[in-house]
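Here are a few exercises to work through with the model open beside you. Try each task before you read its solution.

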Amino acid sequence: MAYVAPASTRSRLLDSERVREAGRSVGLFFAVLAFLWASWEAFRWIAETTELRLGQFEANDRTMPHIHDIVAQLFEPSRRNGPLLIEVLWDAALFTAKEAAVGFALGALIGFALGVLLAHSGLLQRGFLPYLVASQTIPILAVAPMVVVWVNPRLPDDFKDWGAVAVIAAYLTFFPVTINTMRGLTSVDPRTLDLMRSYASSSWSVLWKLRVPAALPFIFAALKIAAPASVVGAIIGELPASIQSGLGGAILNFNQYYITEPTSLWATNLIAAALGISFFLVVLLAERLIVRRAPENVA
Amino acid sequence: MSGSPVVSLRNVTKTFGAAGVTAVQSIDLDVRPGEFVSLIGPSGCGKSTLLRIVGDLVEPTSGEVVVNGKSARQARLDRDYGIVFQDAVLYDWRTVAKNIALPLELLKWDRAKRAARVAELIDLVELQGFAEHHPWQLSGGMQQRVSIARALSFSPALLLMDEPFGALDEMTRERLNGELLRIWEASGSTIVFVTHSISEAVFLSTRVVVMSRRPGRIAAIVDVDLPQPRNADTREEPRFFELVTAVRDRLREGGHDDDRTAPGEGELVGAEETP
Amino acid sequence: MRRLRRLAWEWLPAIVVFVLGIGIWEGAVQGLDVENFLLPAPTDIVRTLGTDGGELWDAAFFTFREAVGGFVIGCSLGFLAAVAIARWRTLQAAVMPYAIAAGAIPIIAFAPITNNWFGITGMTSKMVIAAVLCFFPVLVNTMRGLTSVHPSQIELMRSYAADELTVFRRVRLPNALPYVFSGLKVATVLAMIGAIVGDYFGGAPGALGVQIRRWVGIFAFDQAWAAIVLASVLGIAFYGSVALVERLTMGWHPSVRGARPE
């Protein structure tokens, strides 16, 4: 259980404590990176010397390029006399990020609304939840060309090229938000519900004053899953839509050259990973800011 | 009420954290077998902390704690006490009977013995017919009765209770007070009871320990000489009111006005580490 | 009789929605004259399932096996890793952010690489993708569930001088169950996505993603849509089984009991 310090000492504690903690986090971060790098190279070295075989897999420059080679590739031209790989990937990442962000916003809103709706009506829940689940099992990749053909013409000019991809990204985003919103809204202790009832609170008040604040941790847990999912959705969506400007296109492109230049694909994956992680970090930051304030609002 | 003390505290002090906030200071207290001792005091006076020190759930910064002739740690390992919290802390996934049986399962009692003991306890706390219910199907008062039954399941010498009736309404509370006394008599245990309520403390106890505000010291000990067994009528006797007044005066002397608590200061309870 | 009524209460709404949905779908497609490639009528799909059922089922089941295989491996590893890591609080606290961040990486982008490692046509490459996709949500959720136990419950156990293993078995594990099931349900969906999208970068000729791509390529939209429907059906069955197990093991939890808003 927590101990609450007297006000006078609290601010003093926070300052030095915070700095030390931040330092520790940064140190840990580099330690983890170093550990991963070391593990990679160690595994590669061990696999090569023991001639390890996992089915068809064997460790060599093609299957497991050295990390430093991958990083070095970023600073090579992506094609003869062309821009550096890192520039190309940066532009591609921005393009994909745009699609993903719009998709995320759209998906999160829809997911939340659906979650609220379903949490409030057992009937609707029993009626529609199976189909929401089914919606996620529809191979979007297969449906994507149809989505592109149907959605793009109906969009304003600015969105025409990539709007459908945002829709696909939203498609991958809304489901976890719906599920977690539902679970969060219904995980309230029944006794606190009775309390609100005793105040003759309207359903609306109960929702916003009790259930939503209680559900926020769940919702943010979902958003932290949904944000990178929107990136995945955007990348996947680009594939059948034949969009060249994004990371999906870059992956397809460098996949073709994998035999001769594996490091380019790995570098692309690195950038894609960075994109996914940054989306996640943005949501994390938002959570830190918002969820901490929520309890005060409820009181 | 003779024999060596069940609980013996010598010069016990507890300070929390780097800022050095002292929860309790230089506590000297003996609890003799069969006693019912209440700890009462203003918010933040450390009474819950003291209870947890006796239960070896919090380690004192200095001083000696002897429970049942052993160190607090050994007493805990030997399961010499049962504890009841303000929150019943029942496990939703177990029925009432299984909740009560939990400590017995941990003690590896065989099924027949467990079933017999659980039946006894259900009679004791008067929850007949509710054995197969789940906690959420019970009222707050009933849940606390389950919690008490569970605490008594292995017949410990000592029962530690941290404001067990704090969350209940006055009538349920008074009723459970009466039941607790009955259980106390029937089981012959020693009870250390933390409470905020003066009348509850006087009604239940053989002695009331009044604590001062932080750092919590023992401000006074009031012997409650009301005759046993006590019942609803006891609350109407003149002596009862005298004792309540006495306790109230001691509290006031020790400093009990909640309004004077500085903002940001709260109840200091619980283990040092967050589980 | 009561059981029957309960089942009806449970499933009737979904059935009603299904029937209405099919009806609207059929009507809309016929009435609005939607192009066949965009969305065929339900009757067309059913007809195709009849004629090409065998081939469709083989493809769907092949991919389904990839998904389930990956699911089992990924979820087990995720769960075990979480149990091992949550044992030491400091380790768990240190690992958690990285586990969460790792889950943010588009694993699917590694499909071309796993194809390169394990061969395009075998199941292994897609199973690996599916397994990695399932690993992180289950890891994170399980760790969270194991450590978000109410302090009083731990104190109570300590008062019984219970050892760590007992605390784990009797308190942390049951407490973690809701979280674990959340993770498992998400994982079922991810596993299917992983298997099918993995096919896009190259897969066995019999795999669903590959087949759909082929059919779309030759404008055989009836087959493509029938295959999509089949994949969904399997996905629902998958999710449904996990939900069923959840219902059976967790009947006591408020969210399963239905502490529903009024």
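**Exercise 1: a residue in chain A**

Ala47(A) counts as partly exposed because it has 18 C-beta neighbours inside 10 Å; the label covers the range between buried (20 or more other C-beta atoms within 10 Å) and exposed (12 or fewer), with C-beta atoms placed from the backbone. A word on the ground rules: this is a predicted model, where local features need pLDDT of at least 70, side-chain atom pairs count only at pLDDT 80 or more, and totals for chains, interfaces and linings use all residues. Residues are numbered from 1 along each chain as its sequence is written, while chains are lettered from A and ligands numbered from 1 in the order in which they are written.

Task: find the element that holds Ala47(A), and say which residues Ala47(A) touches beyond four places away in sequence.

Solution. Start with the element: Ala47(A) sits in helix 1 (residues 7-50) of chain A. Helices here are DSSP runs of H or I with at least four residues, strands are E runs of at least two, and both are numbered from the N terminus. Next, the contacts, meaning C-beta atoms, placed from the backbone, within 7 Å. Leaving out residues up to four places away, Ala47(A) touches Leu52(A) and Ala59(A). Finally, look at Glu58(A): eleven residues along the chain from Ala47(A), its C-alpha atom is 7.4 Å from that of Ala47(A).

**Exercise 2: the sheet in chain B**

Task: work out the strand order of the open four-stranded sheet in chain B, and explain why strand 2 and strand 5 each have one side without a neighbour.

Solution. First, the order is 2-1-4-5, with antiparallel pairing. Strand 2 (21-31) and strand 5 (70-71) of chain B are at the edges with a single partner strand each, so one side of each has no neighbour in the sheet. Now zoom in on one pair: strand 4 (residues 62-67) and strand 5 of chain B run antiparallel and share two bridges, and at least two DSSP bridges are what a pairing requires. Val66(B) has Ser71(B), in strand 5, as its bridge partner.

**Exercise 3: where chain C meets chain B**

Task: which helix of chain C gives the most to the side that touches chain B?

Solution. Begin with the totals: 15 residues of chain C contact 18 residues of chain B. Helix 6 (151-159) and helix 7 (164-200) of chain C each bring at least two residues to that side of chain C. Helix 6 gives the most, with eight residues. By type, the side of chain C splits into nine nonpolar, four polar and two charged residues. (Nonpolar is Ala, Val, Leu, Ile, Met, Phe, Trp, Tyr, Cys and Pro; charged is Asp, Glu, Lys and Arg; the others, Gly among them, are polar.)

**Exercise 4: chain C on its own**

Task: how many helices and strands does chain C have, and what does Ala191(C) touch?

Solution. Count the elements: chain C has ten helices and zero strands. Then the extent: its C-alpha trace spans about 70 × 55 × 30 Å along the principal axes. Of its 262 residues, 49% count as buried. Last, Ala191(C) touches Ala67(C), Gly70(C), Phe71(C), Ala130(C), Leu133(C) and Cys134(C), once residues up to four places away in sequence are set aside.

Methods. Contact = placed C-beta atoms within 7 Å.
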